[in-house]
Amino acid sequence: MNTKKLQEISVLLVAAVLVWLPMGNSWAQSEINVTYIPQFAGQKLSPKNSDFSYQKKPLKLSKFRCYVSGLEFLKNGKVVWKEETRYFLLDAWKPNTLSRKVSLPPQVFYDQVRFQIGVDSLTNVSGAYGGDLDPTLGMYWTWNSGYINFKLEGKSELCTTRKNRFQYHIGGYLPPYSTAQSVTIKSAPGENLEIGIYLDEFLSQLNLTEEPELMIPGQRASELATISSQIFRTSP
Amino acid sequence: MAKREVGYQIPIPKGWPDSKYEATLQNLSPAKIELGRQLFYDPILSKDSTISCSSCHLQFTAFTHVDHDLSHGIDGRIGIRNSPVLINLAWSDLLMWDGAINHLDVQALAPISHPDEMGEDLPQVLTKLQGTRRYPQWFKKAFGSDSITGEHLLKALAQFQLTLISANSKYDQVRRGDSGVAFTDQEMKGYQLFQKHCNNCHTEPLFTNHQFRNNGLPVDTTLNDWGRMRISQSPADSLLFKVPTLRNIEFSYPYMHDGRFENLYDVLKHYSKGIQAHPTLSPELQEGIPLSSHDRIDLQVFLLTLTDKEFLFNPKHSFPR
């Protein structure tokens, strides 16, 4: 074999390795970003941007928090991989709670992602937990055991309450009025998940003047929980 | 890294049913119990540092308060209920008179935050405890971290309360067959009356069936407390309250959820002559309990055998000195 031939073979080998390396990476563990984006009427909600307009009147949001858990990756409706169950408390006033990285093992092919909003009934009856589930974080009722799954508070002139406040604390784990919800969205391997939370759509499903607050479990909480699950979807 | 503490078990009275907290009882921690005891007796948990858990739950009165019908809180505020006894809570299912609380771990949240009780903001409690010299050390000893969390605060209080087991009354000694202990004739007559008329709800050996009942009390219109219905929102639960244990009843007066009866004589008179009809009235009480005046005395004499002085004066449960 002459030198020229060896050089040609070496070039081919290097090229093959260069082509193969990225292919190989696609079979290795992958990492995606999961980001929740609370927003109101097309604007992102943040500590610096919480004043909006709603039904032609000013509206100020002062709190938005909710629990999410259990990312599951599905292919043709079947779970192909799921995260270890862990609860995350999203808080629009703490932007670092709204995004995280998720590492998937190799060769996980999926077309949908499913997650839960709220805390399941077993956790609700099993005593005190730490971390994001610490009962002193303001997401646990004290007069009646159970987590608040979804909390939205603010002010609007549409409300005739003291200081024009509205407060929705959606929770309750006892059937038939359990409030934990499941949300499924389309996705594909390698895609980051950007999940919009369209809070104005939640308010539009109720009458802010006639129903400015709900802070107990029950049938209405269960109905509002269903509405709350419909406002989570991937950004258009 | 803190050394992992080895748990220990509390002896469970023979013949008692399984507790709701079996796993925890199998692995109690002396450091957590001691921390819980310190917290239980410390008014730092209240907004103005005047009210501790023990303000309404005094050991020598069966871990409830006497002297007044309704519980007192900060700033002289008065609640709507008589504080319940803290006895054998490991066997208790739903807690509070209306069953609002589903686990002993999270029970303390209610009195700490209620404006008519301790009135304190929960994160503020943690900040105050963290700012002391002693509590971070005690939390570290109990939980391996001196960073004080709500979870650890609540679990310590729960572990202490799980140790409040009363099982050495004369009734228990007779039941165990302890030598030299026997019911008198009158106590035995009272016991037979109890088994016939009371045991269905105040079921031995815990002297409660852990259920909710309307025991025929007319509603106090100054309080309008409808009991369990407040939690379940079901009219079927109107005027239902938790059946309390009768253990140490000699010292847990006044009686009923609103403390309306000051003595056992009035309680038994209510059951024999004062039952008020209501759609949710407990079926056992539809006709009242037929008790003669002699029966009522015999029954009272039996109820006094439920006093457990070892429990009421056990230094392990007392104010930490």
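Predicted model: local features only at pLDDT ≥ 70, side-chain atom pairs only at ≥ 80, totals over all residues.
Residues are numbered from 1 along each chain as its sequence is written, and chains are lettered from A, and ligands numbered from 1, in the order in which they are written. Local features need pLDDT of at least 70, side-chain atom pairs count only at pLDDT 80 or more, totals for chains, interfaces and linings use all residues, and side-chain values use heavy atoms, with hydrogens and water left out.

Over all chains, the structure holds 32 aromatic pairs. Rings of Phe, Tyr and Trp (its six-membered ring) pair if their centres lie within 6.5 Å; planes under 30 degrees apart count as stacked, over 60 as edge-to-face and the rest as tilted. The Tyr140(A) and Tyr147(A) pair is edge-to-face, because the ring centres are 4.8 Å apart and the planes stand at 90°. Tyr140(A) is buried (under 20% relative accessible area; exposed is over 50%, partly exposed in between; 1.4 Å probe, protein chains only), at 6%. Tyr147(A) is buried too, at 1%.

In chain B, Phe194(B) and Phe302(B) form a tilted pair, with 5.3 Å between centres and 40° between planes. Phe194(B) lies in helix α9 (residues 185–197) and Phe302(B) in helix α12 (residues 293–303), so the pair ties together parts 108 residues apart in sequence. Helices are DSSP runs (H or I, at least four residues), numbered from the N terminus. Both Phe194(B) and Phe302(B) are buried. Ring pairs also link Phe40(B), Tyr41(B), Phe63(B), Phe160(B), Phe311(B) and Phe319(B) into a cluster.

Charges also sit over rings (NZ of Lys or CZ of Arg within 6 Å of the ring centre and within 35 degrees of the ring normal). The charged end of Arg100(A) lies over the ring of Phe88(A), 3.8 Å from its centre. That of Arg233(A) sits over the Tyr198(A) ring, 4.3 Å from its centre.

Technical notes: Helix = DSSP H or I, 4+ residues; strand = E, 2+ residues; numbered from the N terminus.
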